[in-house]
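Please report on the fold of this chain. Cover its strands, its helices and its nonpolar cores.

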Amino acid sequence: MYQYIVIFLYISIIVVSACGQQNKSKVENWENGLLTDSFLVVEHLKAITKTEGYRNYRNIKLLDKTADYIFNVFKQYADTVYFQPYTVNGNIYKNVVCRFGKQNKPVVIVGAHYDVCGEQEGADDNASGVVGLLELARLLKGKILQYPVEIVAYSLEEPPFFRTEYMGSHIHAKSLKDLNIPVYGMVVLEMIGYFNDREKSQFYPVKALKVAYGTEGDYILLAKRSGYGKFVKTFSKRFNEVQLVETRNIKAPSKMQGMDFSDHLNYWKYDYDALMITNTAFYRNHNYHQKTDTMESLDISRMAKVIDSVYGALINL
């Protein structure tokens with residue numbers, strides 16, 4: 001993920017903080033523990049990050065190996081699984097797609113990128129989001145859904161292809177538009193594994209925003225642009241209702257620097273309703289784009305709670 005999320009630059013943005021309001025999910029009450037399997041989370045993280053070399057755009061062999069791993073996990077749970085290949089500078093890169101639910105309603109997209117920036121393991125950025133996709137696939141198997149869900153693991157989110165037509169998410173979003181596939185909304189999982197309870201562990205470019213968000217990096221953020229639609233409104237409400245993880249919500253103009261610094265930007269380009277779920281990246285995690293971004297730095301328990309909350313929102317749309 002390119003250097004991003006200066007989403008706190010103006011006091012005039014509308015901020016809503018929430019750690020679950022109203023009632024918990026009507027379908028899953030989580031009384032017997034988390035649905036996300038922490039053992040599988042760790043195993044997936046190991047498989048994706050503990051590799052020879054780094055899964056950046058130059059290392060096509062490792063990117064392909066990672067895509068194959070994602071495909072094989074998806075195949076365990078989904079009837080529809082496929083690669084979406086595309087060519088950049090003579091090299092073939094791949095999105096990995098799986099789908100759940102009937103085809104007679106607008107689709108919900110859940111995505112995360114599996115490439116990294118430079119030579120680093122990229123555990124938080126963004127193996128954490130990809131593992132979220134893998135566990136969501138497991139949890140969605142056999143479920144009756146109000147809207148079909150398409151899960152997509154993207155290539156080439158990171159530099160030098162960020163903000164270009166070669167981003168995997170641009171390829172996917174454009175394909176939906178070209179095929180006139182109705183889309184209800186989109187969610188991107190962008191760095192969901194790093195938390196820090198220490199005071200002053202969470203930073204902001206505007207000091208006054210500490211009042212709204214606090215100084216501890218102990219929450220997950222739902223970032224949405226002003227004028228968002230029904231999907232983002234409903235998804236956010238359901239996510240908060242699960243009441244598993246400390247949650248903050250923010251909405252701001254999409255033109256504000258940072259609001260579009262992940263794969264959801266390509267769905268906004270085609271006027272699809274979309275939001276980003278993130279731990280705010282470098283405003284909290286000093287391992288961002290560093291060799292220290294390893295799975296040992298992640299909070300597996302809270303990461304699992306984020307995944308469960310996404311699942312709870314999806315099955316209650």
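## Loop, strands and cores

Gly-142 sits in the loop between H3 and strand S5 (149-154). The model is a predicted one. Gly-142 counts as exposed because its relative accessibility is 72%, and the cut-off for exposed is over 50%.

Is Tyr-213 buried or exposed? Its relative accessibility is 2%, so Tyr-213 counts as buried. The cut-off for buried is under 20%. Tyr-213 and Arg-248 are 35 residues apart in sequence, yet their C-alpha atoms are 7.4 Å apart in space.

**Whole chain**

The chain has eight helices and nine strands. It has 317 residues, and 59% of them count as buried. Take the contacts in the chain with a separation of 6 or more: residues 24 or more positions apart account for 80% of them.

**Strand pairing**

Strand S6 covers residues 183-190, and eight of its eight residues are buried. S6 is joined to strand S4 (residues 107-113) by five bridges, and the two run parallel. S6 is also joined to strand S9 (residues 274-278) by five bridges, again in parallel. In S9, the bridge partner of Val-188 is Met-276.

Strand S8 (residues 247-252) is mostly covered too, with five of its six residues buried. Strand S7 (residues 220-225) pairs with S8 in the parallel sense. In that pairing, Leu-222 stands opposite Asn-249 of S8.

| Strand pair | Bridges | Sense | Facing residues |
|---|---|---|---|
| S6 and S9 | five bridges | parallel | Val-188 and Met-276 |
| S7 and S8 | six bridges | parallel | Leu-222 and Asn-249 |

**Nonpolar cores**

In soluble globular proteins, nonpolar side chains tend to be buried together. Here the largest nonpolar core has 66 residues. Phe-74, Ile-151, Leu-189, Phe-235, Phe-239 and Ile-277 have the most contacts inside it. Helix H3 (residues 123-140) gives the most to this core, with ten residues. A second, separate core has 23 residues, including Val-152, Ala-173, Val-183 and Tyr-204.

What does Phe-235 touch, leaving aside its neighbours within four places in sequence? It is in contact with Val-187, Leu-275, Ile-277, Val-310, Ala-313, Leu-314 and Leu-317.

**Helix packing**

Helix H2 spans residues 60-77. The axes of H2 and H3 come within 8 Å and cross at roughly 20°. That angle makes H2 roughly parallel to H3, because angles under 35 degrees count as roughly parallel. The crossing of H2 past H3 is left-handed. From H2, the contact is made by Tyr-69, Ile-70, Val-73, Phe-74 and Tyr-77. From H3, it is made by Val-130, Leu-133, Leu-134, Ala-137 and Arg-138.

Phe-74 is among the residues with the most contacts inside the largest core.

How values were computed
Residues numbered from 1 in each chain as written. Predicted model: local features only at pLDDT ≥ 70, side-chain atom pairs only at ≥ 80, totals over all residues. Heavy atoms only, no water. Buried < 20%, exposed > 50% of the residue type's maximum accessible area, 1.4 Å probe, protein only. Helix = DSSP H or I, 4+ residues; strand = E, 2+ residues; numbered from the N terminus. Pairing = 2+ DSSP bridges. Core = buried A, V, L, I, M, F, W, Y, C linked by side-chain atoms within 4.5 Å. Contact = heavy atoms within 4.5 Å. Axes fitted to C-alpha atoms, helices over the stretch in contact; angles between N-to-C directions. Parallel < 35°, antiparallel > 145°, perpendicular 65-115°, else oblique. Left-handed = near helix turned anticlockwise from the far one by under 90°.
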